[in-house]
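Dear colleague,

Please find below the structure that I am handing over to you. My findings follow directly after it.

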Amino acid sequence: MAKEPKLKKIICPRCRGNGFFKVKESVERQVDKVVQCPMCNSQGEVDETKDSSIIMDADGLHRMH
Ligand SMILES: [Zn+2]
């Protein structure tokens, strides 16, 4: 029996779990603007499987050619 793939939640690296982050409105106007995080849909967490590029081998297995 194969293991059931469980969706593991990880802290969103873009907003660091806040669900939003601040950006400067423009170069001339250095005003902090709060934007909702599109990466995690303001959840602060993302499914680990969605970002397999960040975590390459969760099991510690390395593919050899
Ligand atoms: Zn986020």
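The model is a predicted one. Residues 24 or more positions apart account for 46% of those contacts in the chain that have a separation of 6 or more. Of the 65 residues of the chain, 6% count as buried.

As to secondary structure, the chain contains four strands and zero helices. The order along the sequence is therefore simply β-β-β-β.

Strand pairing

Strands β2 and β3 pair with each other in the antiparallel sense, and five bridges join them. One of the residues concerned is Phe21, whose bridge partner in β3 is Val35. How many of the five residues of β2 are buried? The number is zero, so β2 lies largely in the open.

Val35

Val35 has its place in strand β3. Once the neighbours within four places in sequence are left aside, Val35 is in contact with Phe20, Phe21 and Val23. Among these, Phe21 is also the bridge partner of Val35. The C-alpha atoms of Val35 and Gly19 are separated by 8.9 Å, the two residues being 16 apart along the chain. Is Val35 buried or exposed? Val35 counts as exposed, because 11 other C-beta atoms lie within 10 Å, and a residue with 12 or fewer is placed in that class.

Positive phi angles in two loops

Arg16 is not a glycine, yet its phi is positive, at about 60 degrees. Arg16 is found in the loop that runs between β1 (9-11) and β2 (20-24). With 11 other C-beta atoms within 10 Å, Arg16 is exposed.

The second case is Asn41, likewise a residue other than glycine, with a positive phi near 55 degrees. Where does Asn41 lie? Asn41 is located in the loop between β3 (32-36) and β4 (45-47). Asn41 has 12 C-beta neighbours inside 10 Å and therefore counts as exposed, since the class takes in residues with 12 or fewer.

In summary, the points I would ask you to keep at hand are these:

- the antiparallel pairing of β2 and β3 over five bridges;
- the contacts of Val35 with Phe20, Phe21 and Val23;
- the positive phi of Arg16, about 60 degrees;
- the positive phi of Asn41, near 55 degrees.

Yours sincerely

Definitions and conventions. Residues numbered from 1 in each chain as written. Predicted model: local features only at pLDDT ≥ 70, side-chain atom pairs only at ≥ 80, totals over all residues. Buried ≥ 20, exposed ≤ 12 C-beta atoms within 10 Å, placed from the backbone. Contact = placed C-beta atoms within 7 Å. Pairing = 2+ DSSP bridges.
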